[in-house]
Amino acid sequence: MSFRSVFDLGSLRTEFENAAISAQFIPSIWRHVLQNPNSQPHQVPSLPASAYPLLRSKFRSTTSTVASVVESVDGVTTKLLIKLQNGSFVEAVIMRYDTRLGKYGGKPRPGGPRATLCLSSQVGCKMGCNFCATGTMGFKSNLSSGEIVEQLVHASQLSQIRNIVFMGMGEPLNNYSAVVEAIRIMTGSPFQLSPRRITVSTVGIIHAINKLPTDLPTVNLAVSLHAPVQDIRCQIMPAARAFPLEKLLDSLKAYQRNSQQKILIEYIMLNGVNDEEKHAHLLGDLLGTFQVVVNLIPFNPIGSLSRFTTSTEQNVKSFQKILRGVYNIRTTIRKEMGQDISGACGQLVVNQSKPQTARGTTPVTDIEDLHK
């Protein structure tokens, strides 16, 4: 028998409405199961009597389980393999920071430990980006809002999560309703995460971007641009054919007018493909009228799954220098976390038969700093 997650807000609210139970009890149910991880919703005290048989027969605190936890050697990154009720698997990654150590290992600054959770929105992905391991899985299914929130519930048992990035498996805006509902749950009681510390990443689903300022006005938007011209973008991101660059930029202009927020531009550096100085100038011209932060991402090898190679350090730094110096565009270089556990950008793919070994990792630019 299958159950629904108690964090599937739409389902729970509908059941309560049909049973004439006030939705005001829902946050207290969530608070109880978070504080008592081994309890079930029907064990929450002080609910209306009619709520108990409903909760017992239809809902569970979590419908997913943590199948494995793999830690990087330095203890900074943790990858969770999560088994869903239908037998599918997704991955989520916890990345830890300590702001007292300084942004780039320099002078200490006020603050303390905090953690970012990179979570998944789908099983697999239909976008098929050629540099991304998840794309090799193809699309399997969307996650429900509850299955998305449960990743936070599981991760919170290991770290206090401060930031959320939808940069795991799947294209978040292809599962729009569930992602929006999950974020509303995370920013409400009892989670109380700040929407300004949540980032949604997309390859550029135009119609969904157009809805974001209304549905999630203060959540951060990251766009996987990865090329300054449509032809190159289509070569490395087949789905880009459905979202022409010119129309995507128009939607981003409208988004920025309505949200008044900076946009994070993600740009993966592929040797000999999009990493030359001419590409930097094209990108600078393209983004000149936007308020953006460009995050350059050195390509993470995914074994025999891709024909691409990593840009040289010299090319990456030259690219950054042009964007900063010529076009005055704030540009960072992402130093990946979790490469030793295949938890870095583009490396998430469910392959339980593949052993995971441990090597060293390098600190990453904190996602929270990119939007300041």
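Tutor: Arg-184 pairs with Asp-215 in a salt bridge, with 3.9 Å between the closest N and O atoms. The term means a side-chain nitrogen of Lys or Arg within 4 Å of a carboxyl oxygen of Asp or Glu. Arg-184 sits in helix H5 (residues 176-187) and Asp-215 in helix H7 (residues 212-215), so the pair ties together parts 31 residues apart in sequence. Helices (H or I, at least four residues) and strands (E, at least two) are DSSP runs, numbered from the N terminus. Arg-184 is partly exposed, at 47% relative accessible area. Asp-215 is partly exposed too, at 23%. Buried means under 20% relative accessible area, exposed over 50%, and partly exposed in between (1.4 Å probe, protein chains only).

This is a predicted model: local features need pLDDT of at least 70, side-chain atom pairs count only at pLDDT 80 or more, and totals for chains, interfaces and linings use all residues. Residues are numbered from 1 along each chain as its sequence is written, and side-chain values use heavy atoms, leaving out hydrogens and water.

Now the wider set. The whole structure holds 7 salt bridges. One of them joins Glu-91 and Lys-79 at 3.5 Å, N to O. Glu-91 lies in strand E5 (residues 89-98) and Lys-79 in strand E4 (residues 77-83), 12 residues apart. Both residues are buried.

Glu-313 and Lys-317 form another, at 3.0 Å, N to O. Both belong to helix H11 (residues 313-325), 4 residues apart, about one turn of the helix. Glu-313 is exposed at 57%, while Lys-317 is partly exposed at 47%. Salt bridges with shared partners also link Arg-4, Glu-15 and Lys-58 into one network.
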